[in-house]
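Take the structure below from its ligand shell to its cores, and then to one strand. Keep the model in view as you read.

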Amino acid sequence: MEVDTVLVKVASRCNINCSYCYVYNMGDDGWKDMPALMSQETIEALSSALKTLCSDQSTPFATVLHGGEPLMMGARRLAYLLSKLRGVLPLTHPLCIQTNGTLITDEILDTCAAHHVAISISIDGPKPVNDKFRIGHKGESTFEKLVAGIDRLRNHPKATQLYSGLLAVIDPLSDPAEVYWFLKKLGAPSVDFLHRDGNHSNLPFGKESFESVEYGTWLSELFDTYLSDTSPIKIRFLDDLMKISMGGRGVKEGIGQKSYGILIVETDGALTKNDTLKSSFDGADKFETHWNVRNDQLSKIVKTEEFSKYHRLQVPSAIQCKTCPQLASCGGGMPLHRWHDKNGYDNPSVYCNDQKYLIQKINTRLKEEGVIS
Ligand code: SF4
């Protein structure tokens with residue numbers, strides 16, 4: 001077992017308040033007890049832990065700064081953090097920031113460029129789509145500030161190195177072609193699309209039932225638009241599904257059967273599970289053992305039985321998945337989407353029928369194109 005990604009919560013607060021956010025709007029108030037920003041002592045402990053991990057494992061891992069909103073650190077504290085991290089992480093180890101884009105300044109971009117940091121920005125689509133859920137604390141629009149941040153990034157002299165892509169949460173009620181062409185106009189090299197959080201006891205937004213296929217239909221229409229574009233932006237979700245259908249492997253969590261070693265570091269240095277699990281039940285993202293980067297070696301944590309148990313959660317246990325002809329492509333979906341209050345994670349994904357619909361669509365198209373038989 002090796003670590004693929006260390007996701008670091010450098011800020012536990014956010015300057016905006018997306019209504020679908022699993023951190024702040026799904027009933028878990030744990031963030032209130034956390035330091036608002038990662039302290040200098042914790043940053044030092046983190047960089048020391050990452051340095052040791054670099055020497056303990058041969059495979060490079062990515063470090064992703066997350067939040068809350070990571071740019072709430074401000075330019076000076078961020079510069080200190082990045083210099084510490086890049087000081088121990090060779091360039092073979094990607095260092096990335098996932099941000100809502102509204103606090104981007106030239107000073108922050110210069111610092112990121114100096115430390116070879118890639119920036120991904122969250123935006124869901126054109127203004128009416130984005131501002132439906134990605135809103136400020138008073139319900140105000142975030143769109144103009146967000147697009148201004150993207151423009152600043154695109155106009156930076158090191159934009160090619162800095163701009164890694166966009167992250168969009170799917171609104172199944174939006175027009176996928178309109179969303180695609182809008183995001184393409186923002187000049188992103190790639191776009192990751194995320195399904196909404198939700199499970200069998202709390203259906204995702206826009207999904208009428210387990211049997212319904214709103215997300216499968218939306219993604220199939222996106223797929224048609226994607227293939228109609230002669231110079232498309234990368235969409236890893238669709239690329240992975242096509243690659244797997246053609247006998248290759250995916251690279252994205254939640255697609256295919258590859259499992260990923262992901263560790264989350266909270267602002268106080270505590271190690272937790274993938275925090276999207278918070279949407280299943282209160283405390284679902286906590287390990288029983290209270291590990292912390294100040295005291296514990298990351299490569300030892302991932303070798304414990306407790307971490308293995310968490311890691312095995314990525315392998316679907318439901319009989320429907322084990323016998324499913326689409327298992328190689330679908331992988332059973334993300335654990336948070338399998339949750340049911342009655343029987344835990346022992347279910348197919350709540351997006352099961354959407355996945356079947358989309359995979360069928362992709363396979364049919366690849367056959368028509370003569371790519372697969
Ligand atoms: S979630 Fe559904 S489509 Fe995916 S592997 Fe399980 S049964 Fe198959």
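A residue counts as near a molecule if one of its heavy atoms lies within 4 Å of it. The ligand is surrounded by Q320, C321, C324, L327, C330, G332, P348, S349, C352 and K356. This is a predicted model, in which local features need pLDDT of at least 70 and side-chain atom pairs pLDDT 80 or more, while totals for chains, interfaces and linings use all residues. Residues are numbered from 1 along each chain as its sequence is written, and side-chain values use heavy atoms, without hydrogens or water.

Helix 12 (319–322), helix 13 (327–330) and helix 15 (352–368) each give the ligand shell at least two residues. Helices here are DSSP runs of H or I with at least four residues, strands runs of E with at least two, numbered from the N terminus.

Next, the cores. A nonpolar core joins buried Ala, Val, Leu, Ile, Met, Phe, Trp, Tyr and Cys residues through side-chain atoms within 4.5 Å. Buried means under 20% relative accessible area (1.4 Å probe, protein chains only). The largest core has 95 residues, of which I123, L166, L183 and F193 touch the most other members. Helix 1 (residues 40–56) supplies the largest share of this core, seven residues. Another core lies apart, with seven residues, including I16, Y20, C21 and F133.

Now strand 4 (residues 117–122). Six of its six residues are buried, so strand 4 is largely enclosed by the rest of the structure. V117, I119 and I121 point one way; A118, S120 and S122 point the other.

Conventions:
Buried means under 20% relative accessible area, exposed over 50%, partly exposed in between (1.4 Å probe, protein chains only).
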